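User: I have a two-chain model to look over. Please take me through it by question and answer.

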Amino acid sequence: MGYAGLEVVRGVTLAVNRGEIFALLGPNGAGKTTTVEILEGYRRRTAGEVEVLGEDPAQAGPAWRGRVGVVLQSCQPEHELTVAETVALYAGFYDAPLPVAEVLALVGLTAEAKIRNSRLSGGQQRRLDVGLALVGDPELVFLDEPTTGFDPAARRAAWEVIAGLRARGKTIFLTTHYLEEAEFLADRIAVMVAGQIVAEGTSASLGDRHRSRTEIRIGLQAPPVLADLPPLSGQPAWEAGELVLAAADPLRDLNLLTGWLLTQGLGVEAISVRQPSLEEVYLRLTAPAETVS
Amino acid sequence: MTTITGTAETATITPKRRSALGMLGHQVRFDLLIMARDRSARFFTLGLPVLMLVLFVAIFGTGYVGPYGHSMRASTYYVATQVVFGVVGAGFMTLMNILVIRRQAGLYKRRRATPVPAWAIVVSQAILGLVGAVGIAGLLLAIGALAFSVTVPPGSLAALAVDIAVGALSFCCLGFAVASLVRTETAAQPVSMGLALPLFFISGVFIPWDLIPTWMRGVASVFPVRPFAAAVLAVFGGSTGVWRPVDLLVVGAWGLAALALSARRLAWSPYT
């Protein structure tokens with residue numbers, strides 16, 4: 001075992017472990033495609049060190065390319081070929097390709113084998129793109145915004161295909177601007193904003209989400225006297241009919257608050273206890289004010 | 001290296017390494033299949049030159065064109081000049097369109113992501129232009145011989161083969177060079193038409209050369225279509241000898257200049 005070690009420019013080090021799905025998440029124009037194209041060997045970097053599968057992609061030769069699969073952000077298939085012919089064309093470039101039928105089954109295009117590529121839907125074309133990246137049985141697959149422009153059903157189907165690659169032991173480097181895509185697929189996520197990595201971690205730990213205070217909200221019919229509340233781990237506030245508390249010790253605070261409310265006889269309409277969502281973390285990380293600092 | 005251990009005995013099978021030439025042949029097979037299924041490429045490469053030949057012979061068929069020291073039957077003249085039209089059409093116009101459309105579709109970028117060597121991608125595309133050029137030249141010569149009794153003297157066949165080879169190679173290079181300058185697929189067709197059509201007219205490909213004004217002939221002689229047409233016409237008795245080395249040099253010089261430009265500007269990714 002080893003690393004498919006990746007170092008990315010701008011002084012940020014990214015290490016992608018073998019067999020994991022790594023997502024580079026960020027808004028449009030953040031530099032995701034530039035980064036992934038440096039890793040794929042399409043672009044030359046101006047500074048820094050990059051190593052993918054033990055080689056510098058800018059110098060790597062055919063043997064390295066045989067171990068890497070690339071799904072480009074926008075690429076149409078050869079319109080005049082059938083789906084199976086297209087896979088056979090690309091299979092001919094590899095020393096030990098997967099059988100065409102296996103590739104088609106892997107991306108769910110078996111029924112479309114004899115259909116011309118020009119007749120495929122957008123989602124089917126994208127699945128063919130993935131199939132063409134897999135035909136050489138690569139160790140590492142780059143997917144640059146694989147589901148942009150998909151309807152929800154097609155996106156879900158593409159996710160199943162990508163999740164299936166992990167089950168086959170592939171290392172996946174994914175770029176996306178869809179938060180839920182990164183959350184659904186990725187073992188680890190790095191957030192890129194304006195060419196810089198601003199956060200890195202699992203979807204649970206990203207942006208110190210797991211260490212963030214838990215928010216307790218209690219909807220009340222009438223405002224309580226805040227000074228009468230028992231001592232809590234955070235500062236309570238009254239906001240639009242709700243008692244709001246960012247709790248460092250949520251279990252104890254909840255116990256104290258509910259006990260106190262019972263003695264006060266205040267009408268409780270709703271209680272919610274929640275961690276900040278990944279979306280809130282992401283929006284905070286990618287907010288323009290954050291990029292300045 | 002992946003090794004597969006056999007079950008019957010402990011033989012290890014290593015995957016066969018693909019040769020670059022094998023990959024080139026593999027690509028050419030599929031690319032020719034694509035071109036054969038592409039209605040537009042089929043029409044512009046094969047259909048249009050045949051249509052033009054039939055039309056020109058129908059219009060001028062019984063007459064003679066000149067002056068070449070001696071006059072030439074119009075049918076002979078148009079077989080020769082439509083061979084030029086066909087070779088330039090396939091080698092330059094159709095190939096240039098294919099190159100721009102495929103580049104903008106991301107196909108070359110995707111092929112570069114595979115182990116296929118860069119030169120094999122370039123050569124496979126050039127072969128498309130060459131096959132089209134040689135194919136249409138052969139088809140027009142066959143139609144000329146069978147339908148219009150226009151034949152090439154056996155002693156001139158070598159000269160004709162060299163003319164077509166130099167012309168096809170040079171116009172393919174020009175196809176690569178202009179493709180590298182065209183930014184969008186919608187611009188490809190107008191640019192190829194805009195460059196080639198005026199040259200066809202002033203080079204005597206559509207209108208007999210002796211009807212072209214003298215100053216325009218001077219302009220035409222600087223560009224590669226006229227020297228190529230003069231070389232091919234010579235094979236059909238258009239001049240005193242069948243070999244036109246100076247004309248071929250002009251065509252070849254354009255080809256080499258185009259090759260140098262395309263080598264500098266070779267791009268795999270779509271222009272944005």
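User: What do the model scores ipTM and pTM come to?

Analyst: This is a predicted model, in which local features need pLDDT of at least 70, side-chain atom pairs count only at pLDDT 80 or more, and totals for chains, interfaces and linings use all residues. Residues are numbered from 1 along each chain as its sequence is written, while chains are lettered from A and ligands numbered from 1 in the order in which they are written. The scores are ipTM 0.87 and pTM 0.83.

User: Which element of chain B has the lowest mean pLDDT?

Analyst: pLDDT is the predictor's confidence in each residue, from 0 to 100. Chain B averages 90, and 92% of its residues reach 70 or more. Helix H6 (residues 157-181) of chain B has the highest mean, 97. The lowest mean, 42, belongs to strand S1 (residues 4-5) of chain B.

User: Over which residues of chain B does pLDDT stay under 50?

Analyst: Contact here puts C-beta atoms, placed from the backbone, within 7 Å. The model has ten contacts beyond four places in sequence for this stretch. The stretch is residues 1-12 of chain B.

User: How many helices and strands does chain B have?

Analyst: Helices (H or I, at least four residues) and strands (E, at least two) are DSSP runs, numbered from the N terminus. Along the sequence the pattern is β-β-α-α-β-β-α-α-α-α-α-α-α-α. That gives chain B ten helices and four strands.

User: Is chain A spread out or compact by its radius of gyration?

Analyst: Chain A has ten helices and twelve strands. Its radius of gyration, taken over C-alpha atoms, is 24 Å.

User: What share of the residues in chain A is buried?

Analyst: A buried residue has 20 or more other C-beta atoms within 10 Å of its own, with C-beta atoms placed from the backbone. In chain B, 49% of the 272 residues count as buried. For the 293 residues of chain A, the share is 36%.

User: Which residues of H7(B) are buried?

Analyst: Helix H7 (residues 185-202) of chain B has 18 residues and reaches 27 Å from first C-alpha to last. Cover for its buried residues includes helix H3 (74-104), H6, helix H8 (214-222) and helix H9 (225-235) of chain B. The buried ones are Ala188(B), Val191(B), Ser192(B), Ala196(B), Phe200(B) and Ile202(B).

User: Which element gives the largest share of the side of chain B that touches chain A?

Analyst: The interface joins 22 residues of chain B to 22 residues of chain A. Helix H1 (20-37) and helix H4 (107-112) of chain B each give two or more residues to the chain B side. The largest share, five residues, comes from H1(B).

Definitions and conventions
Contact = placed C-beta atoms within 7 Å. Expected span 1.5 Å × (residues − 1). Buried ≥ 20, exposed ≤ 12 C-beta atoms within 10 Å, placed from the backbone. Rg over C-alpha atoms; globule rule 2.2 N^0.38 Å.
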